[in-house]
Amino acid sequence: MKISVDEAQQQLEEVIALAQHGDEIIISSKSGSVKLVALPNTAEKIEDRDWQSIFGVMKDQITYEEGWDAPLTSDEVKEIFG
């Protein structure tokens, strides 16, 4: 559907509803045209993908050496950074 800015202003709720249902809406003016695109409902997507199921997927897959996070001594800092 291609409409003018004036028509879009007069029928804004209808135009938005059409875009949300997947209709292609082009709003044109003297300076150019724009396409109205509906954004996905992010609240639904979070519920749909069950984001909580990703927790723990790497359990027992990652290993590290004990003490890897210990502070460096002055000599170790000098050795690394010069």
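Student: How are the words buried and exposed to be read here?

Tutor: A residue counts as buried under 20% relative accessible area, as exposed over 50%, and as partly exposed in between, with a 1.4 Å probe and protein chains only. This is a predicted model, in which local features need pLDDT of at least 70 and side-chain atom pairs count only at pLDDT 80 or more, while totals for chains, interfaces and linings use all residues. Residues are numbered from 1 along each chain as its sequence is written, and side-chain values use heavy atoms, with hydrogens and water left out. Of the 82 residues of the protein chain, 10% count as buried.

Student: Which elements make up the protein chain, and in what order do they run?

Tutor: Helices (H or I, at least four residues) and strands (E, at least two) are DSSP runs, numbered from the N terminus. Here the protein chain has four helices and three strands, and their order from the N terminus is β-α-α-β-β-α-α.

Student: Which residues form the largest nonpolar core?

Tutor: A nonpolar core is a set of buried Ala, Val, Leu, Ile, Met, Phe, Trp, Tyr and Cys residues joined through side-chain atoms within 4.5 Å. The largest one in this structure has six residues, namely I3, A8, V15, A19, I25 and I27, and at least two residues of this core come from each of α2 (12-20) and β2 (25-29).

Student: What does A19 touch, leaving aside residues up to four places away in sequence?

Tutor: A contact means heavy atoms within 4.5 Å, and on that basis A19 touches I25, L36 and A38.

Student: What is there to say about phi at D60?

Tutor: Most residues other than glycine have a negative phi. D60, although not a glycine, has a positive phi of about 65 degrees; D60 lies in the loop between α3 (42-48) and α4 (74-81), and with a relative accessible area of 70% D60 is exposed. Just after α4, G82 also takes a positive phi, of about 85 degrees.

Student: How many of the eight residues of α4 are buried?

Tutor: The count is zero, and α4 is hardly covered.

Student: How many aromatic pairs does a search of the whole structure find?

Tutor: Rings of Phe, Tyr and Trp (its six-membered ring) pair if their centres lie within 6.5 Å, and planes under 30 degrees apart count as stacked, over 60 as edge-to-face and the rest as tilted. The search finds one pair: Y64 and W68 are edge-to-face, at 6.3 Å centre to centre with 75 degrees between the planes. Both Y64 and W68 are exposed.
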